[in-house]
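Please open the structure in your viewer and keep the selection tool at hand. This tour goes from one stop to the next, saying what to select and what is there.

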Amino acid sequence: MHIKLLIAAACLLGLFSTIGASLPYPILPPLFASGAANGLNSFLGLPPKMLFGLALMINPLGLLIGNTLLGPLSDRYGRRPLLMLTTIGAALGHMLTAAALLLESYPLFIVARFGTGLLEGNGAVVRAMLADRLEGDLRVRAMSWLNGAFYLGWLAGPLLAGATVAWGVTVPFWIAAGALVMTSLLVALVLPRETPSLATTSWWYVARHQHAFHLLRHADLRKLFIVQFAYTCGVTAFYEFYPLWLVEFPGYGTPGIAWVTAGLCAVMTLTAVFAGGPSRFAPLQRAAWSAFACATAIAAVALGHVWLGLAAIVLFGIPNAFYNAIVPGWCAERFGALGQGAVMGLLSTTFCLANIVMALAGSVLTLFDTRLILLLGALLSAWAAWRLMGWRVQMAGQPVSNLPARE
């Protein structure tokens with residue numbers, strides 16, 4: 001029963017964190033693009049679209065920094081206190097966001113969204129918590145369920161905003177804050193107090209010298225970062241630009257994009273329920289197959305008929321859910337001695353970095369043709385699949401004990 005509560009608490013943390021990150025997407029466009037001047041869209045006389053772009057970017061920037069630092073900090077100070085602090089802090093961030101909307105204060109809104117993203121970058125801590133307390137097939141299944149909670153959050157956030165914003169533009173943020181507070185109470189109940197670390201290093205030392213990128217001095221972790229970065233560049237190219245493809249080719253508007261996205265998220269969520277089950281095939285082999293299937297789906301969107309592209313968008317969720325169930329569990333087994341928080345932080349940080357890089361690449365390539373950024377994404381994911389197969393052969397027989405221990 002305790003294990004079930006632990007997994008439930010982890011999944012709720014993942015769900016409500018991503019709900020909070022995705023809440024503003026249907027709320028912000030009318031505030032900045034309606035043509036009616038307000039304190040948010042007229043700050044310093046800057047163009048509303050520029051202000052809107054910054055408002056969208058600032059939360060992922062906080063997520064990037066949070067995913068880099070919070071995992072290693074939890075290795076030093078413990079999972080429970082970091083999860084309690086970040087969850088309550090993210091709830092306060094949502095309250096501050098609501099206040100910024102009421103006051104129509106653009107600087108306060110930016111500060112609130114950045115701080116909320118920074119604290120909601122605790123996904124690495126949640127994954128490390130499961131990696132610490134679970135083993136074997138149960139660990140892999142729990143990681144898969146956690147991924148399903150993340151996927152569901154990206155769907156539930158916009159739906160929650162759309163369903164409650166009629167009662168007031170701040171209502172969705174108050175609901176998200178309340179949900180995080182209740183989840184923090186569940187975490188306090190199910191996670192036992194940890195033995196304090198005997199290390200005497202300060203949090204600033206940990207942040208500077210034990211962040212997730214610090215792991216890149218190890219050859220295998222560098223290889224993992226390169227492969228994971230290539231794969232997630234492909235995934236983020238797909239996520240960020242298939243809505244534009246839907247506008248340009250099938251001619252969909254906001255409702256059509258919402259329905260296709262709902263189908264994609266539903267498929268990923270359902271697949272994640274069983275994606276972490278045991279298999280007779282090696283993890284890297286299954287990850288390579290999944291990456292290649294994702295590359296095929298992305299290429300089908302770029303090159304195929306409209307109906308083939310629509311089907312590929314939705315079905316993309318199946319191999320992507322399998323990949324994201326397999327790789328974190330394998331990393332926990334293979335690199336856990338280096339610190340579960342830092343390892344999971346590296347995976348999460350890589351995804352955030354890929355978001356930024358592919359957004360910049362897409363801003364150039366889409367000037368010529370939206371399909372070019374999708375083709376680039378397909379090529380990068382296919383390359384990652386090829387490297388995973390080669391890595392599997394290279395690592396065959398290499399014992400886990402050859403890896404250096406965490407310092």
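The stops below begin with helices and end with a charged pair.

Before selecting anything, note that this is a predicted model, in which local features need pLDDT of at least 70, side-chain atom pairs count only at pLDDT 80 or more, and totals for chains, interfaces and linings use all residues. Residues are numbered from 1 along each chain as its sequence is written, and side-chain values use heavy atoms, with hydrogens and water left out.

**Helix α6**

Select residues 123-133, which form helix α6; helices (H or I, at least four residues) and strands (E, at least two) are DSSP runs, numbered from the N terminus. Of the 11 residues here, 9 are buried, so the helix is largely enclosed by the rest of the structure. Buried means under 20% relative accessible area, exposed over 50%, and partly exposed in between, with a 1.4 Å probe and protein chains only. Among the buried residues of α6 are Gly123, Val126, Arg127 and Met129.

**Ser17 in helix α1**

Next, select Ser17, which is found in helix α1 (residues 2-22) and counts as buried at 7% relative accessibility. Which backbone oxygen lies 2.8 Å from a polar atom of the Ser17 side chain? The oxygen belongs to Leu13. Leaving aside residues up to four places away in sequence, Ser17 touches Glu120, Asn122 and Leu180, where contact means heavy atoms within 4.5 Å.

**Thr68 in helix α3**

Move on to Thr68 in helix α3 (residues 48-77), a residue that counts as buried with 10% relative accessibility.

**A nonpolar patch**

Now select Ile88, Leu92, Val181 and Leu185, which make a nonpolar surface patch of about 330 Å². The elements giving two or more residues to this patch are α4 (79-103) and α8 (171-190). Patches are made of residues with over 30% relative accessible area and no salt bridge, like charges being joined within 9 Å and nonpolar side chains (Val, Leu, Ile, Met, Phe, Trp, Tyr) within 5 Å; accessible areas come from the Shrake-Rupley method with a 1.4 Å probe, and for residues only the protein chains shown count as cover. Ile88, in helix α4, is partly exposed, with a relative accessible area of 34%.

**The salt bridge**

Finally, select Arg371 and Asp369, which form a salt bridge whose closest N and O atoms are 2.9 Å apart. The structure holds 1 salt bridge, defined as a side-chain nitrogen of Lys or Arg within 4 Å of a carboxyl oxygen of Asp or Glu. Arg371 is partly exposed at 32% relative accessible area, and Asp369 also counts as partly exposed, at 22%.

Methods
A polar contact is a pair of N or O atoms within 3.5 Å; within protein, one must be able to donate a hydrogen and the other to accept it, and residues adjacent in sequence count only if both atoms are side-chain atoms.
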